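Hello,

The structure we talked about is pasted below.

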Amino acid sequence: MYAIIVGAGRVGTAIARWLLDAEQEITVIDRDPERFAAIEDELGSVAVRGDATESQVLWQAGASRADVLIATGRRDDENLVICQLAANLFGVGRVLSIVSISEHVELFNRLGVSESIDTTAIMVDAIEERLGGLLVDDVGGS
Amino acid sequence: MTNNGAPLPMIRGLNRVSIGGCGRTGASIATALCRPGRTVHILDSSVDAFDHLPRDIVRNGLLVPFLADITLESDLRKAGVQDTDVFIATAGSDPVNIMAAQIALHILDVNRVVCRLDDPVKRDLYEDLDLTTISHTEILRDLALERL
């Protein structure tokens, strides 16, 4: 499997490490020179430096032969554009995106170009699960 | 009071207009569209951006500024974008305009949505994905060639 990971932050880097350990082929895209250098230092020549919302950067990363793209950037608008470019322009079969602002999930789903991962909802669910036992009957709602 | 509308022809069915992004472009489109009987809302996430608007027109109530993040459906709704005839996304960032325009088109069901995009590759893609796009770069190129 060939995977493109956009964003060499903590999440992107951890996913890259995991896929390399599983002996998959990857490319990481990040426009920040320091994060780009850190990825190359740790994982070898697996990175492309550039803005993944630009189609030529995706092309340079080999998007046309990628099986999967994972957008892990902080900005939902950029993640959305990257996913739409990957799916519609390069025909990437599976496109996953982190979504930071929960109300954007509906748009991602409506546009049908990505599997969205709502990070806020995941954290809130985890906290609710852990603290649920503390609550007796003074909190309403679902 | 001194400004009785810009010298543009009346565009039919354009009584309520929303403009996303109050940079020079957004402010100038908004000002040109202002006339009695038409409501123009202009949205930006920075208060300072509204300095681009002519004060007399804002004071007249013809042009209404809204502090809003145009990539948020909830902010667009607070500014009444779902009830407008046309939404024009003209912020300085292509991804911001793309997200705002697609929310207006697919979630708020605005009839006419125009999206400013400067990258020609994205223009082609999003025209295929049902957005009407305009591009500074292409307009300037055509004007330059025309003058030559």
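The contact draws 15 residues from chain A and 15 residues from chain B, where two residues are in contact if their C-beta atoms, placed from the backbone, lie within 7 Å. On the side of chain A that touches chain B, two or more residues each come from α4 (76-89) and α5 (105-111) of chain A. The largest share, 8 residues, belongs to α4(A). By type, that side of chain A divides into 6 nonpolar, 3 polar and 6 charged residues (Ala, Val, Leu, Ile, Met, Phe, Trp, Tyr, Cys and Pro are nonpolar; Asp, Glu, Lys and Arg charged; the others, Gly among them, polar).

This is a predicted model: local features need pLDDT of at least 70 and side-chain atom pairs pLDDT 80 or more, while totals for chains, interfaces and linings use all residues. Residues are numbered from 1 along each chain as its sequence is written, and chains are lettered from A and ligands numbered from 1 in the order in which they are written.

In chain B, 6 strands form an open, parallel sheet in the order β3-β2-β1-β4-β5-β6. Helices (H or I, at least four residues) and strands (E, at least two) are DSSP runs, numbered from the N terminus; two strands pair if DSSP finds at least two bridges between them. β3 (63-67) and β6 (132-134) of chain B are at the edges with a single partner strand each, so one side of each has no neighbour in the sheet. Neighbouring strands are turned by 20° against each other on average, direction ignored (axes are lines fitted to C-alpha atoms, for helices over the stretch in contact; angles run from 0 to 180 degrees between N-to-C directions).

Regards
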